[in-house]
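Trainee: Could we go through this fold together, sheet by sheet? I'd like to ask about pairings and packing as we go.

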Amino acid sequence: MDHTAAPHLVGIRFREAFGRYPSGVAIICAAGPQGPVGLTASSVASVSLTPPALSFSVMGTRSARHLLQAESLVVHLLGPAHVAVARDFSRAGGPRFTAEQGWSTLPTGEPFLPGALAALRVRPLRQVPIGDATVVVAGVLDVFHGPDDGQLIYHARRFHTSPLSPEAT
């Protein structure tokens, strides 16, 4: 008996499975040739502590193509104060890098969101194209900590906020 589902059904069920799995929310940005570029990502993961490295994946959007060409990026790990900016960066044509969103610029030229839980300045080490996405592994060059005031989570295709609560014993 063959337990292999049709490929298009596997893709649908795969998307549904990860819709049930909560993840953190980040904005990945860089200084692009025509100005800053960025996008919202929920695929950021720690890879290594020695040397410090992380990974994320991007789809083939215009912003993603610019990010993939950048020599350095900043990965902003977002908290509950950034629901609106996460939404703005997750849709085409949304406002980006506005004064109201609180952006500034690092001395190295990349966009910087000072109120993020943390911002990690990174240099891409590897890019692996897989299907309609590219997985990026990046070495961490610098880390900036912001307020530790809760969490922003992406779950079931929606953003959710809540204060941090201790583990139940």
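Trainee: How many bridges join strand E2 to E3?
Mentor: Keep in mind that this is a predicted model. Strand E2 covers residues 26-32 and runs antiparallel to E3. In that pairing, Ala-31 has Pro-36 in E3 as its bridge partner. The number of bridges joining E2 to E3 is 7.

Trainee: And what is the strand order of the open sheet with 7 strands?
Mentor: The pairing in this sheet is antiparallel. Strand E3 (35-41) and strand E4 (45-49) stand at the edges, each with a single partner strand, so one side of each lacks a neighbour in the sheet. On average, and ignoring direction, neighbouring strands are turned by 35° against each other. Reading across, the order is E3-E2-E6-E9-E10-E5-E4.

Trainee: What angle does the direction of helix H2 make with that of E3?
Mentor: Helix H2 (residues 62-69) packs on this sheet, and the strands it touches include E2, E3, strand E5 (52-59) and strand E6 (73-77). H3 also lies across E2 and E3, running at about 105° to E3. For H2 against E3, the angle is about 110°.

Trainee: Which residue in E10 is the bridge partner of Met-59?
Mentor: E5 runs antiparallel to E10, with 7 bridges joining the two. Within E10, the partner of Met-59 is Ala-133.

Trainee: Now the open sheet with 3 strands: which strands stand at the edges?
Mentor: The order here is E1-E11-E12, with antiparallel pairing. Each edge strand has a single partner, so one side of each is left without a neighbour in the sheet. Those are strand E1 (23-24) and strand E12 (158-162).

Trainee: What angle does the direction of helix H3 make with that of E12?
Mentor: Strand E11 (residues 151-155) pairs with E12 over 5 bridges in the antiparallel sense, and His-155 stands opposite Arg-158 in E12. Helix H3 (residues 83-90) packs on this sheet, touching E11 and E12. The angle between H3 and E12 is about 165°.

Trainee: Last one: is Phe-14 buried or exposed?
Mentor: Phe-14 is found in helix H1 (residues 7-19). Together with Phe-18 and Tyr-21, Phe-14 makes a nonpolar surface patch of about 390 Å². Since the cut-off is over 50% and Phe-14 has 53% relative accessibility, Phe-14 counts as exposed.

Conventions
Residues are numbered from 1 along each chain as its sequence is written. This is a predicted model: local features need pLDDT of at least 70, side-chain atom pairs count only at pLDDT 80 or more; totals for chains, interfaces and linings use all residues. Side-chain values use heavy atoms; hydrogens and water are left out. Two strands pair if DSSP finds at least two bridges between them. Helices (H or I, at least four residues) and strands (E, at least two) are DSSP runs, numbered from the N terminus. Contact means heavy atoms within 4.5 Å. Axes are lines fitted to C-alpha atoms, for helices over the stretch in contact, and angles run from 0 to 180 degrees between N-to-C directions. Patches are made of residues with over 30% relative accessible area and no salt bridge: like charges are joined within 9 Å, nonpolar side chains (Val, Leu, Ile, Met, Phe, Trp, Tyr) within 5 Å. Accessible areas come from the Shrake-Rupley method with a 1.4 Å probe; for residues, only the protein chains shown count as cover. A salt bridge is a side-chain nitrogen of Lys or Arg within 4 Å of a carboxyl oxygen of Asp or Glu. Buried means under 20% relative accessible area, exposed over 50%, partly exposed in between (1.4 Å probe, protein chains only).
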